[in-house]
Amino acid sequence: MSEAFARPEIRKPKNNVFKKTKVLTDNVLHYCPGCGHGVVHRLVAEVIDEMGIQEKTIGIAPVGCAVMAYNYFDIDMQEAAHGRAPALATAIKRMLPEKFVFTYQGDGDLAAIGTAETIHAVNRGEKIVIIFINNGIYGMTGGQMAPTTLKGMPTSTSPYGRDIQTMGNPLKITELVAQLPGAYYVTRQSVHTPVNARKAKNAIKKAFENQAKGCGVSFIEVVSNCNSGWKLSPVKANEWMEQNMFPFYPLGDIKVDGELVK
């Protein structure tokens, strides 16, 4: 065959090979199928692994769906009383300033019983990372209304939907903490698509890098679904989240390097 009619060389596409990070244990996750917790766990573990800080990291989980996070991360973990993770993180970081310390909290924990701990830890500018999973509901205890439950959103304790007149407005605690001087980095992400998961991972990595530089609080909200609490399939739950959660809780950076994003 002449060169003019030679077949061009076929190049096989380069595929990324994703392997289990060593920072995650072999324990099977207890989370409901389709829940975002498992994805966020993996992202946090990957960042710890890639930064080479597995032996230097301490995680704190309080009461909530992630109460058993110590089963899944092969790092030092500490349990905290309901809502008190930022206070415990403060103590650990001050006693062991060379360690990387992060909390992993749900909206019922961080934005309800733990509101005071959250506000004051951020206001003091503690050198910690706070990871906040917001699914707008108390997922573990039966699907009750949370501070983050949307207007009109049905829950087990608001079966006809959240009524603003009697139940108040949903709490945008992430915007609230962004106003505090001790907040160095504040962002809201999601993990329901590969693109969003990569953005969330970059945010988590930036947060840990900020801690390495001795900056104030890095606060990462991850808007997630709760398909069991919302009584939807995982696919429908993601669609509902996009249509209803994201307009009220818009994704993106809110504060970067100590400055509010305009």
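How many nonpolar, polar and charged residues are in the lining of the second largest pocket? By class, that lining has 9 nonpolar, 9 polar and 2 charged residues. The model is predicted.

**Second largest pocket**
- Its volume is about 230 Å³.
- The lining holds 20 residues; V63, G64, C65, G106 and G108 lie nearest the centre.
- Strand 3 (100-106), helix 3 (107-113) and strand 5 (137-138) each contribute at least two lining residues.

**Largest pocket**
- The largest pocket has a volume of about 370 Å³.
- Its lining has 15 residues, with F18, L43, P194, A197 and R198 nearest the centre.
- Helix 1 (37-51) and helix 7 (194-212) each supply at least two of the lining residues.
- The lining splits into 6 nonpolar, 4 polar and 5 charged residues.

**Aromatic pairs**
- The structure holds 7 aromatic pairs.
- F73 and F102 have ring centres 6.1 Å apart and planes at 75 degrees, so this pair is edge-to-face.
- F73 sits in the loop between strand 1 (57-61) and strand 2 (76-79) and F102 in strand 3, so the pair ties together parts 29 residues apart in sequence.
- Both F73 and F102 are buried.
- W230 and W240 form a tilted pair, 4.9 Å centre to centre with 55 degrees between the planes.
- W230 belongs to helix 8 (residues 227-230) and W240 to helix 9 (residues 234-248), 10 residues apart.
- W230 is buried at 10% relative accessible area, whereas W240 is partly exposed at 23%.
- F73, F100, F102 and F208 make up one aromatic cluster.

**Charges over rings**
- The charged end of K172 sits over the ring of F248, 4.4 Å from its centre.
- K206 lies over the face of Y185, 5.4 Å from the ring centre.

Key:
Residues numbered from 1 in each chain as written. Predicted model: local features only at pLDDT ≥ 70, side-chain atom pairs only at ≥ 80, totals over all residues. Heavy atoms only, no water. 1 Å grid on protein atoms, 1.4 Å probe; cavity = no way out; pocket = protein on both sides within 12 Å on 5 of 7 lines; lining within 4 Å. Points joined across faces, edges and corners; volume = space filled by probe spheres on them. Helix = DSSP H or I, 4+ residues; strand = E, 2+ residues; numbered from the N terminus. Nonpolar A, V, L, I, M, F, W, Y, C, P; charged D, E, K, R; others polar. Phe/Tyr/Trp six-rings, centres within 6.5 Å; stacked < 30°, edge-to-face > 60°. Buried < 20%, exposed > 50% of the residue type's maximum accessible area, 1.4 Å probe, protein only. Lys NZ or Arg CZ within 6 Å of the ring centre and 35° of its normal.
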